Amino acid sequence: MSTPASPGPRLLAAWQRLSVLPGGGTLFSFGLGLMVPYTGSIRPRVLELQPGRAVVRLRDRRRIRNHLGSIHALAIANLGELAGGLALLTALPPGRKGIVTRLQTEYLKKARGTLQARGEVDSPSFPWGADEIETTVVATVWDEEGDEVARVVAHWRLR
């Protein structure tokens, strides 16, 4: 049985093909939601994707609100994990992949309106002979006023 290829190059290739087309970013985001159904449940829109950097938008809708009328905490965490994960996966060396082992979210302000999350990472380096490493990715979520709403820290195991 063969090991699945690293997702980062496939994501970047699809983004580069689609993002230049009218509606291509929306199509990419829809396809991403089909590949990762839980993430697709919040209907995120990828705005920018390059190795080590991703920006993702989340429109405020009734479906993702809590009983207090603000965006649900887990929708915010999902958005941050997506931005950080896309940034990390596209920065990985060929043949490497990863999985989140722990997720922490610090909520700084009640979230209403359209949100954006940005994840940025440097390409992780694997020490000589290492099959696995642990790394941390921080994504920042902010609102339309430019205020930071949340900080999402994802701990990854890379192999």
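Ala, Val, Leu, Ile, Met, Phe, Trp, Tyr, Cys and Pro are counted here as nonpolar, Asp, Glu, Lys and Arg as charged, and the others, Gly among them, as polar. By these classes, the lining of the largest pocket holds 13 nonpolar, three polar and three charged residues. The structure is a predicted model, in which local features need pLDDT of at least 70 and side-chain atom pairs count only at pLDDT 80 or more, while totals for chains, interfaces and linings use all residues. Residues are numbered from 1 along each chain as its sequence is written, and side-chain values use heavy atoms, with hydrogens and water left out.

A pocket is an open set of points, on a 1 Å grid over the protein atoms alone, where a 1.4 Å probe fits and protein lies on both sides within 12 Å along at least five of seven lines; its lining residues have an atom within 4 Å of a point. The volume is the space filled by probe spheres set on the points, which are joined across faces, edges and corners. Of the 19 residues that line this largest pocket, Pro 7, Val 36, Leu 89, Gly 98 and Trp 156 are the closest to its centre. At least two lining residues come from each of α1, α2, α4 (73–91) and β3 (98–107), and α4 gives the most, with five residues. Helices (H or I, at least four residues) and strands (E, at least two) are DSSP runs, numbered from the N terminus.

The second largest pocket has a volume of about 300 Å³, and of the 13 residues that line it, Thr 26, Ser 29, Arg 43, Pro 44 and Arg 45 are the closest to its centre. Its lining divides into four nonpolar, four polar and five charged residues, and α2 gives the most to it, with five residues. Arg 43 is placed in the loop between α3 (37–40) and β1 (45–50), and its phi is near 55°, a positive value in a residue other than glycine.

Helix α1 (residues 7–18) and helix α2 (residues 24–35) pack at an angle of about 150°, with their axes 8 Å apart. Because angles over 145 degrees count as roughly antiparallel, α1 is roughly antiparallel to α2. The contact (heavy atoms within 4.5 Å) is made by Leu 11, Ala 14, Trp 15 and Leu 18 of α1 and by Gly 24, Gly 25, Leu 27, Phe 28 and Leu 32 of α2. By class, this contact has seven nonpolar, two polar and no charged residues.

Notes:
Axes are lines fitted to C-alpha atoms, for helices over the stretch in contact, and angles run from 0 to 180 degrees between N-to-C directions. Angles under 35 degrees count as roughly parallel, over 145 as roughly antiparallel, 65 to 115 as roughly perpendicular and the rest as oblique.
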